[in-house]
Amino acid sequence: MESYALLAPLVILFPAIGAFINLFFGARMTERWVAGVAIGAAVLSFLVTVLLFSGLSANPGGVIVNPPFFDGWLTIPSAGIDFSWQLRVDTLSVAMLLFITGVGSLIHIYAVGYMHGDPRFHRFFTYLNMFLAFMVVLVTGNNFLMMFVGWEGVGLCSFLLIGFWFDRTRGVGWRNSNAARKAMIVNRIGDFGLLMAMFMIFGTFGTLDYFTPGEIANVELVEEHAAEEHGEEAPGAAGTEGEGEGEGEGAAGEGTIVLVQGEGEAGGEGAEGEGEEGEGGHGHEESAVVYTNNDHIPTEFLGVFGQTERMLEEGHEVQWGPVRLPIQDALILITLFIVIGVTGKSAQIPLLVWLPDAMAGPTPVSALIHAATMVTAGVYLMVRSNVFFYEAELTSFIVTLIGVGTALVGGFIALGQWDIKRVLAYSTVSQLGFMVAAVGIGAYSAAMFHLITHAFFKALLFLGSGSVIHAMEHGHAHGAHHNGHADDHADAHADQDAHTDHADDEDFDPQDMRNMGGLRARMPITYWTYIFGTLALAGIFPFAGFWSKDEILADSWIAGLTAGGLTSLGGFIALVGLLIAAGFTAFYMWRQIIMVFHGQPRTDAARNAPESVRTMTYPLIVLAACSLLIGFINVPDIFLFNSIFIPHELTHWLENSVLHAHAAEFQLLIAMLALGLAVGAIVLASRIYGERPLIEGEGAEEGTLQDPLVEIPRVGRPWGLAHARLYIDEIYYRLVERPFNVTARFLADVIDWQFLHDYFHDVVIVRGFNGIGQLLARPVDLGIIDGAVNGVGVVARWLGGLLKPIQTGYVRTYAITLLLGVVIVIIVLLLPLIQNGG
Amino acid sequence: MEATGLSLVTVVLFLPLVGLTILLFLNEETQLNNIKWTTLGTSLATFAASLVMWASFDNSIPGLQMVQRWDFIPTYGVSYYVGVDGLSLLLVILTTFIMPLAILASFRTEVLHERGRQKLYYMFLLLLEWAMIGVFVAQDLVVFYIFWEVSLIPMYFLIGIWGAENRVYAAVKFFLYTMAGSLLMLLAVLFVGGSAGTFAVPEIIAGIQAGSIVFPFSDLFSTQSALFLGFFIAFAIKVPIWPLHSWLPDAHVQAPTAGSVILAGVLLKMGTYGIVRFCLPMFPEASVAWAPIIAVLAVIGIIYGGWVSYAQNDVKKLVAYSSVSHLGFVVLGIFALNAAGIQGGILQMVNHGISTGGLFLVVGMLYERRHTKELSNFGGIWLALPAFSAISLVIVLSSMGLPGLNGFIGEFTILLGTLNSNILGFFYALAATLGVILAAIYLLRMFQIVYMGPLDKDENKNLPRLHWQELAVLIPILVAIIWVGLQPAPFFATMDSSVNQLVIDMGASVPTIVQTLP
């Protein structure tokens, strides 16, 4: 019994409890207590994850946990629907959990300093905890539906946190809440795809479960291991059959754990011929190798991925209602719709528009949600569904194009931004493109590797930028004092801690890099940690980004050479596109470093900016260390490193749950090329910006500071394009938003109101009724019902009397119709009498 | 099986009338509080009785339970025939759940004090409850028809007497539209009863199954189709299915809060319920033949309703159009004609009652404070009323279909059923799923304009906090939203065998709808 896995629900429960406490009692607690609860919840969650990790290390096959009190969910027996709250603890989900709760905890700590003094401090931490809980649901759910609960839940938290400062005056509040709404709606467009994908998945497999309790996630790996073990100790395979009663009773019931492999309970429900599958490995608790595969489990008892493999072998034909198509085509359709969801959540082309605006949220939010965790959910989902994507070559190719395109577009736009957070936002878009492209070429392990390293160094960069912004605000307040605005000082200072309204002082934008410069001397910790993050992001040896980016590039190269077909083409496209994007990355990051930290301070705010408090700098230091070291979890098998670190450790870890995970062989040439490009870009940037980071604008831009690039022939115009963000927002406004609004107006005013509501009503309904009413009200001989009608008339008059005080010009219509109604009731009762002649 | 004494169903049905009788003896001037609390007490007792009914309901029996049957006009086969099964039980409970909330919300409605006649108001509410429960439990076509018509009268007066400026126009319009449909239904009822020799629906269905009753069917316009349409059009107006919805915005905007809540919460479901209860089992071939056409209307309604809702500047009107969109989902699910679609449809009726009822309650509370329904008059309410706004957000999200809350469960099941339906399929699901995006667009616009933004209008700055009675109205809604969202299994279990039986029965007549599960 793997009792450690019983702890899994706690990873969700701790932050959920934290959110509840702060939601209901936070308003009455001091900041210290609010923060304590929130941080405590996050850290406890992290500690449990570490326990899960160590438990899983011993037995990496993974388990499925039914949380207590929540064993069922959406169950419709006659429709064959049975989706339950089940947690999947396996190497993939725990890898995600480790950095989600780890980086999450650090950002919680950082936020204490950053949000200090905000009147809605407790709300902020409520949302932050809530976000963690949903994010954990997203990655630990054992079915698409539960994943979707987390998926939308984190979207909600993102909405709440982007719009956190919705109450700012002078239009800033509306801008913030617009950004929040935009994020949610764009994500909803993605969710539409995901919903459709789920309907099709259910139609194909009859379930949404990734894996079933009796199933082994990675058959190939198990077979491989079995072969190895066979060589070493031949009799092992027979196992200790005697104890293998494994009736799979573990599948149901509260709080039970069902082992995917391991001891007696394996086997799984519904498995046929339990006796012979051999619950091997019993005697070797530490080895965790099971000498079996899923062949003994009938198709309908497998999860979606297991069934996919089986159906492909059988050439199965899928039926969704009236539609019939082969499984391969079904997979292409399913994955295409999943990709729609991914483009929404992970801000890929064409749905990337929400992420840059999302920077309206407080900076810790940008770091946690819009860089490290939530936006990577799309990549996680594709890696989780690698079996689908692996078999859908067309989709994979499209995914490659989307990823490479996004990496280029994001990187390009980042070159032309002034806002320190916007540069990072577009950089995130670009890096997500790297991961998505990696999935496209089948490099699932490389995608995960880059996802994890990126989480650390991008969180670091965002927190660093937050530290800078925070300092600029303080410096500005301080500077105002020095300049003799003594009476402003009290207000300004009170405001600064709470980040009130940047627009309260319209002349000054603390996020504009043109206002910075020379902060290196004022903020050494922030500076040096920022350098670490930049080097990691730029892919400089031996920082984390070097290893992970290189793995993606190496994989593209290998895919291009060996895969054949569309995937080969995708591999080459990815290689070229991502190399260029990597060059952009190094360039815009170094541009930022110089503009923010080097040279002379360009404003009083920059001159007076103080270093941030310790709750903010310590997380920076930890993250900087991680940015240097985290790459070593998956070093390639090369000279020197393979003797110090275990090569491809992450890949081997993931192999247990990601069927098509594989390690790329180190490509020295590619690595040198990428490194050369990055170093070259940095050198170039420091030559261009090092001498004069900004130039005076000319012509229309007179009096403003400009980027030196505009002066360089044939570079100036593209830079303008990057600065204008490729007009993406404008294009969307013209092509989508405005037509949508115009149509809505037209439908509401013309079609619905003027036509259906007024014209149709007056002409058809009212006239028709009056005609019938007069017909019935005419004193024709209605025989036996005459008396009844008279009686009804009395009642109607009485009822009508009630309305007298409020009647307008509708008396006639109303009286007739009321009469009509009552008459009809009477007719129903009396008609049989009439038919039978009384 | 027929109960010997009073069946629970009869008890639940007539409890509101008992309360109504008590009200008759109370004096409006001197005993206003007694009137209020008696009404509330009656509705709570009815709710409690309906819960007992749910507790004693056997999920495994597909047929009617707690049946009571007395001859009414024996010569012509009309009987007081009531009972519940999986199709109706949840709707009865929805009715008895919504009514106390609507009544409690009325306590703090100013318009009642202005216009007076409060005793009459509460009597109408109880009369309405009686009629609505009657619609859901009646198993005899004539009895059903009477309840159907009776339910019109109190709502007509609720809108006409206690409504807003344009109340009489709205009340008459409401009446006219519903009556137009009812006329057609009446003809169909008489024809069905006449040719079957009985008005008892279970007997008619049994006759159809056995082949002893035949409504000839050849194509879209044969005898059976005409009968089907006779019922369907009446129901479609009530739902309302696009393009028959133009009475709805008027009725909602003009009705007092309780009227809107009941209208959206329960009355509209009488239409969708009628389709499931009468149209599908009595006219299976016609239902299947018309399903694609109706589904197209439903999908148009989903998208049209959402789109038009987006352009509204009156909060109540916005919510009213959202109902057109939401009920489009319900109709779509029903005409998927498989277990998932129909069960999703029934659950979505309940969900819509909870969420849209909740939205109207919220709008009502805003109205009591600000005396406006114009979106642009609000802004920053989140700062002024944090708890109220948080609750509003949950209700908005539930209406949007956020997973983990109730609306999602219904929509998801409906769309799942639609895509895998033999009658509808991929493209219907695709178009309808687009409606999910629209829901976010129009609801978030509303939420943003009302609740977010700076609190810069003076009138919004000193709004009174929530009264405990208002909290008591909102908390049950909140609980229901979360409960159905996290644990919908008991709800599906209640209807599963009845719906399954319905699908099997229809499949016996029309084999094309029979599905093999993947």
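Which loop of chain B is P240(B) found in? Keep that question in mind as you open this predicted model; the tour starts there and then moves through both chains.

**Stop 1: a loop in chain B**

Select P240(B), and you land in the loop between α10 (223-238) and α11 (247-254) of chain B.

**Stop 2: two helix pairs in chain B**

Next, colour α12 (residues 257-282) and α14 (residues 315-335) of chain B. Their axes are 11 Å apart and meet at an angle of about 20°. With angles under 35 degrees counted as roughly parallel, α12(B) is therefore roughly parallel to α14(B). Their crossing is right-handed. To see what touches, show side chains for S260(B), A264(B), L268(B), T272(B), I275(B) and V276(B) on α12(B), then K316(B), S323(B), L327(B), V330(B), V331(B) and I334(B) on α14(B). By class, this contact of α12(B) with α14(B) has eight nonpolar residues, three polar and one charged.

Then move to α15 (residues 339-370) and α17 (residues 386-400) of chain B, which pack at an angle of about 145° with axes 9 Å apart. From α15(B), select S355(B), T356(B), G358(B), L359(B), V362(B) and M365(B); they meet F388(B), S392(B), I395(B), S398(B) and S399(B) of α17(B). Here the contact of α15(B) with α17(B) divides into five nonpolar and six polar residues, with no charged ones.

**Stop 3: chain A as a whole**

Hide chain B for a moment and look over chain A. Chain A has 31 helices and nine strands, and 56% of its 838 residues count as buried. If you draw the contacts in chain A between residues at least 6 apart in sequence, 79% of them join residues at least 24 apart.

Chain A has a mean pLDDT of 81, and 79% of its residues reach 70 or more. Select residues 484-498 of chain A, where the pLDDT is below 50; in the model this stretch has 18 contacts beyond near neighbours in sequence. Do likewise for residues 832-838 of chain A, again with pLDDT below 50, where six such contacts are found. Where pLDDT is low, the predicted coordinates should not be read in detail.

**Stop 4: a helix pair in chain A**

Pick α3 (residues 91-114) and α12 (residues 363-372) of chain A, which pack with their axes 8 Å apart at an angle of about 160°. The two helices, α3(A) and α12(A), are therefore roughly antiparallel. α3(A) makes a left-handed crossing as it passes α12(A). On α3(A), the contact is made by V103(A), G104(A), I107(A), Y110(A), A111(A) and Y114(A), and on α12(A) by T363(A), P364(A), A367(A), L368(A) and A372(A). The contact of α3(A) with α12(A) comprises nine nonpolar and two polar residues, and no charged ones.

**Stop 5: two positive phi values**

Most residues other than glycine have a negative phi. Now select H648(A), whose phi is positive, near 50°, in the loop between α25 (641-644) and α26 (649-655) of chain A. Buried or exposed? H648(A) is buried, having 25 other C-beta atoms within 10 Å.

R725(A) also has a positive phi, about 55°, although it is not a glycine. You will find R725(A) in the loop between α28 (716-723) and α29 of chain A. R725(A) counts as partly exposed, with 19 C-beta neighbours inside 10 Å.

**Stop 6: where the chains meet**

Bring chain B back. Here 71 residues of chain A are in contact with 76 residues of chain B. Elements giving two or more residues to the side of chain A that touches chain B include α5 (144-162), α6 (172-205) and α29 (728-777) of chain A. α6(A) gives the most, with 17 residues. Colour this side of chain A by class and you get 43 nonpolar, 21 polar and seven charged residues.

Technical notes: Residues numbered from 1 in each chain as written. Chains lettered and ligands numbered in written order. Predicted model: local features only at pLDDT ≥ 70, side-chain atom pairs only at ≥ 80, totals over all residues. pLDDT = per-residue confidence, 0-100. Contact = placed C-beta atoms within 7 Å. Helix = DSSP H or I, 4+ residues; strand = E, 2+ residues; numbered from the N terminus. Nonpolar A, V, L, I, M, F, W, Y, C, P; charged D, E, K, R; others polar. Axes fitted to C-alpha atoms, helices over the stretch in contact; angles between N-to-C directions. Parallel < 35°, antiparallel > 145°, perpendicular 65-115°, else oblique. Left-handed = near helix turned anticlockwise from the far one by under 90°. Buried ≥ 20, exposed ≤ 12 C-beta atoms within 10 Å, placed from the backbone.
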